[in-house]
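Visitor: I'm new here and would like to be walked around. Could we go through it with questions and answers?

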Amino acid sequence: MTTLLPKSRIRPIAVGGSKLARPVAWGLIGLLILVTLVAVFAKVLAPDNPIQPVGEPNLPPLAAGHLLGTDQIGRDLLSRTLIGVQASWLSALAVVAGGLLVGGIVGLIAGATGGWVDTVLMRVTDLFLALPGALVAIAIVAALGSGLTNTLIGVSIVWWPYYARILRGEVKALAARPHVEAARLSGVSRTRLLTRHLLPGVVPTAIVTASLDIGNVVLLLAALSFLGLGQQAPAPELGADTARTLSQLLSQWWVPGVPGLAVLVLSLIANLGGDAVRNLLPVRR
Amino acid sequence: MLRFLIRRLAGAVVILLILSFLVFVLEHIAPGDPARAYVGANASNATVAAQRQLLGLNDPFLAQFWRFLLGLVTGDLGRSLRTRQAVTADIATYLPATVQLVVAAFLIAVVLAALFAVSGALRWPGAFIGRGVLLLLATAPPFLLALLGLIVFFGRLGWLPARGTGDFEDPGPTGMQVVDTLLHGQGDAFLDALHHLVLPALVLSIAPAVAIGRVFRSSLQGVLHVDYVRTARSKGLTEGRVLARHVVRNALGPALSMAGLQLGFMFAGVVVVEQVFSWPGIGNYLAASIPVDDFPAIAGVTLVLGAIYVVSNAVVDLLQAAADPRVTVQ
Amino acid sequence: MTTPAAVASITDFSLSLVRNGTRSSVLNRVSFDIRAGEILGLVGESGSGKSVLALSLLGLLPPTSHPQAVGSVTVSGVDMLRADQAELRRVRRDVLGAIFQDPMTSLNPTMRIGRQIGEVTHDDAESVRLLETVGVRDAALRLRVYPHELSGGLRQRVMAAIAVAGRPGLIVADEPTTALDVTVQAQLLDLLRELRADFGCSVLLITHDLGVADQIADRLAVLHHGELVELGPAADVVRHPQHDYTTSLLAARLTLGMERDGRFAGGEKISGATDVGPAVRITGLRRTFAVRRGRAFGSTRRRGRGNDAQEIAAVDGVDLTIAPGEALAIVGESGSGKTTLLRIVAGLEQPTSGSVTLAGSGGPQMVFQDAGSSLTPWLSVGETLGERLLRQDLSKSEIGQRVIAALAAVDLPPEVARARPGELSGGQRQRVALARATMIPPAVLLCDEPTSALDASLAKNMLALIRDLRARLGMTVLFVTHDLAVARLMGDRIAVMRAGRVVEVGPAEQVVSSPREPYTKALLAAVPEIVEDAAS
């Protein structure tokens, strides 16, 4: 049982944060759903073509016909932001869902099987966790070449081990509880033990962990995009749009500012929604 | 304790090996031909092929990896395609500014985190406003914070400079303006360096401050109600003593873990912040390398920052073991 | 000397606290004095408000529960409910000492023992002297030790040393022995008595067990639902209780003098079983664990002296044969290996060597110590019980009827089938666990301290129910307990375990009335008994 590797480093979750009233919590979750709907139907909602100039350049927000103004070559900022939100939000959801799926399967197998399978899977997981995730993601995307797909691949590779660790720990903790032993003694089959006595206990933790994580992924994706590792121009992307127009910061703040603020709004909604989910679901501890 | 130390350090070495292997594999996949980088873009295909042979790029995979490792140990990280310099030399030039920035940001983050946690756990009246502002700022992407800081403190108020590390020549030897000017007793230059450092460091510190602060607060809240704190109070100790001796030390573990983890996120954040503030650091170097697919430079930065991260996390673990006598037993 | 001055007086004290968002009354017009130099026993069941009273005396009511108090609680003239923090601290430092229930969590895990005592004494020599006073050997060495390196009994002694370090006028001891084994409990009670003699302080001993209180208290106060129902000299309260509640507490005690049910008191089942073969045969059973750096001082389980990986035998060569229909009670203190033995019989753990043979088909069923965690929290009682019938190819309504019948067999109404475990009381949950184990009658029923977490009156009912089911279903029972009185009640025979071995086996009555082994005698002597039972 000597461990050569350091014990894995898991983001410790702050427990028992703010207590939200139930209606407020449901309202925030409604907001999560709303953002997802906006992201899915962004093309329908966007008033103008986001790629083509449609008006005067550098119009300020609330200008006629352009709610959020226009950028340096006269493209509608609202349309660009909506399409950018689509890319950011759906990507973040995909990374979290992918991480949850892969990490969840690895974690469940490791936790429920134990023995050498557990050891091997967790050694690999620990390796990933011991590396600086964001940096490795940058290196992977840089090596694969920038583009949305490669960005998603790069971020997903460093993102799943976190879920594997948490869910494996949760399964282990649950499996050690007397109720699992009691169920086994009362003659419950292995499948039923897993699906009825273990899984329902893990699901809330998985959902809470994932929903608290969407905001983190939104920010990381925005940072990568800011560095030029996301979609290539002229496709709208929130981080990249800010980076390309930095020079206009003091003259036309809204051109770099609006896409940046959109990231803030996404991350804020994700965090509040995550808190709401945690408040509504029973998680042990 | 010694065994623990040795085991932990051995673990760090293994991780560094894996990181090197990962970077080596990525370098293989990456676009760009290192041989062409040596001989120049205009060289003939024959020259490039000869250079390939010379660089050993036709050798078996594992042999190349071995040479790559030897290179790492002797400080050879290859040559940048963009600057045409040795990556090691480039990094040596730019690293000090980054270290200065990250250390300053980390110190600010720790102070803010402690305030965040203690004010929350002890329910300081009115402090929730400060916590709310911090929480809001922490949900913003770092580049937006940087822009906001620039608009307010440079654009509107004109209090703080917008770019660079300082207007004075760095007198050496460390390459960190703040340290060097202090060593040479140059008061004006020191103040100028601090002046330049404030805003980037503050921007970089917000997210880790809140992340560490939230974890620290919840562990403080947990420990405040455990039995041995009640025992300490029943001894008639002052509340300050109870906190200092019995609460904080036992609540520190999760916060330390989080601090180590945040260091890793800061290395990603620093790339963005340095770019916005034109900070002559390794992050800016990385940001400049990305658009031109300068993979040797990207690999070098990843390795160096990764190594710093792995080592600092090993230190965090050792600190934790020192803080909690039970850790070594496991 | 006829009326010694009081060190603390509680006058017309009513208190309400906010718990889970609702304010409820916890104490109602409680009045009594704690006289100088006396040991006052405060007795009550869980929820009686006795621990809250202790915290009030110490001025440590948690502000998060927004206490609202009427009346007064004064210690050496200071009002502990209303004085400012500095004054409260002075009283705690100079007048009060405290010992809390759980020795595992009451000491700071990251601070050496010496410093924790030193926070009061500020002098190592004095700390050593105190540790010696409370019966800790090698005291000077122990100063350098962390709490996790000490056994529970030793930790509680360290707590006692801290409590007397400030030369207090009053020691508040809140269930100081509940988490300890009986033999250690007896030592600690002796220690409290000695400390009173040496330091001349008063002791408020809070306990749920009238027997414990009776052993050392001069006077007894009985608390019931926040009201003081009886107060008087210990001998009077125990032998001539004035209040019905005190009488019922006395009647609910599990004592060595309890009447055992004659129907299956032994003899005939065992003799009649010879031709059928044993229900359970345990031969040469051993179970060892590798433990790294087991440096716990005062732990008796240690074997070998190696610095690193040591081997500890939880079960160290056990041979037992149990006849069909027989009930065997296994008694031992914590760490004796009794639970490990039971888990191996259940098939939950594998033995290192030796074997367990069970007669009949269908595995054994088990009732766990803590029913709260042995029932799956998100399944309803009906689903949990219904699971046992899945193999039997029954229709939905048939399963429903069987579940209701099983609940009725443990005196639970049919509505319980729809409830989740979290909505039930501790006693109800344990009945559900029993129903699950017995709804298809098992050949062998294993019980792992099923009543140790219950109040005495509930425990007594539960034990009666198990005995009743056993008689009806003809099960063989292995019953693990730390309590000799319970063992005598539940077992035809008693096996006494110590350090992984069975040191004595015999018919229950015989083991209790004329034990062979010195260890059994020590166990018996340590059981707090009320010598002259007034209830009979």
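Predicted model: local features only at pLDDT ≥ 70, side-chain atom pairs only at ≥ 80, totals over all residues.

Visitor: Let's begin with chain B. How many helices and strands does chain B have?
Guide: Reading from the N terminus, the elements of chain B run α-α-α-α-α-α-α-α-α-α-α-α-α. Its C-alpha atoms fill a box of roughly 85 × 55 × 40 Å along the principal axes. The count for chain B is 13 helices and zero strands.

Visitor: Among contacts in chain B between residues at least 6 apart in sequence, what percentage join residues at least 24 apart?
Guide: Chain B has 330 residues, and 46% of them count as buried. For its contacts between residues at least 6 apart, the share that joins residues at least 24 apart is 70%.

Visitor: In chain B, how are H11(B) and H12(B) set against each other, roughly parallel or roughly perpendicular?
Guide: H11(B) covers residues 239-276 and H12(B) covers residues 282-289; their axes come within 7 Å and cross at roughly 85°. Angles from 65 to 115 degrees count as roughly perpendicular. So H11(B) and H12(B) are roughly perpendicular.

Visitor: Which residues of H12(B) make the contact with H11(B)?
Guide: By class, this contact has four nonpolar, three polar and one charged residues. H11(B) brings B:Val270, B:Val271, B:Glu274 and B:Gln275. From H12(B) come B:Gly283, B:Asn284, B:Leu286 and B:Ala287.

Visitor: Now over to where chain A touches chain B. Which helix gives the largest share of the side of chain A that touches chain B?
Guide: Here 47 residues of chain A are in contact with 56 residues of chain B. Four helices of chain A each supply at least two residues to that side: H4 (115-130), H5 (133-144), H8 (190-226) and H10 (254-280). The largest share, 10 residues, comes from H5(A).

Visitor: And by class, how many nonpolar residues does the side of chain A that touches chain B have?
Guide: Let's go class by class. That side has 11 polar and two charged residues. Its nonpolar residues number 34.

Visitor: Chain C touches chain B as well, I see. Which element gives the most to the side of chain C that touches chain B?
Guide: This contact takes 23 residues from chain C and 21 residues from chain B. The elements giving two or more residues to the chain C side are helix H2 (85-94), strand E6 (96-99) and helix H3 (113-121) of chain C. By class, that side divides into 11 nonpolar, five polar and seven charged residues. With four residues, the element that gives the most is H2(C).

Visitor: Back in chain A, how does H7(A) run relative to H8(A), roughly parallel or roughly antiparallel?
Guide: The axes of H7(A), residues 178-185, and H8(A) come within 10 Å and cross at roughly 150°. Angles over 145 degrees count as roughly antiparallel. So H7(A) and H8(A) are roughly antiparallel.

Visitor: Is the crossing of H7(A) and H8(A) left-handed or right-handed?
Guide: The residues making the contact are A:His179, A:Val180, A:Ala183 and A:Arg184 of H7(A), with A:Leu193, A:His197 and A:Leu198 of H8(A). By class, there are four nonpolar, two polar and one charged residues. The crossing itself is right-handed.

Visitor: How many residues does the largest nonpolar core have?
Guide: The residues with the most contacts inside it are A:Ala139, C:Leu170, C:Leu204, C:Leu205 and C:Leu478. Take C:Leu205: leaving out residues up to four places away in sequence, it touches residues including C:Ile39, C:Leu42, C:Ala173 and C:Ile216. The core as a whole has 335 residues.

Visitor: How many of the residues of H12(C) are buried?
Guide: H12(C) spans residues 338-346 of chain C. Among its buried residues are C:Lys338, C:Arg343 and C:Ala346.

Visitor: Last stop: is C:Asp393 buried or exposed?
Guide: C:Asp393 sits in the loop between helix H14 (381-386) and helix H15 (396-409) of chain C. It has a positive phi of about 60° although it is not a glycine. With 7 other C-beta atoms within 10 Å, C:Asp393 is exposed.

Definitions and conventions. Residues numbered from 1 in each chain as written. Chains lettered and ligands numbered in written order. Contact = placed C-beta atoms within 7 Å. Nonpolar A, V, L, I, M, F, W, Y, C, P; charged D, E, K, R; others polar. Core = buried A, V, L, I, M, F, W, Y, C linked by C-beta atoms within 7 Å. Buried ≥ 20, exposed ≤ 12 C-beta atoms within 10 Å, placed from the backbone. Axes fitted to C-alpha atoms, helices over the stretch in contact; angles between N-to-C directions. Parallel < 35°, antiparallel > 145°, perpendicular 65-115°, else oblique. Left-handed = near helix turned anticlockwise from the far one by under 90°.
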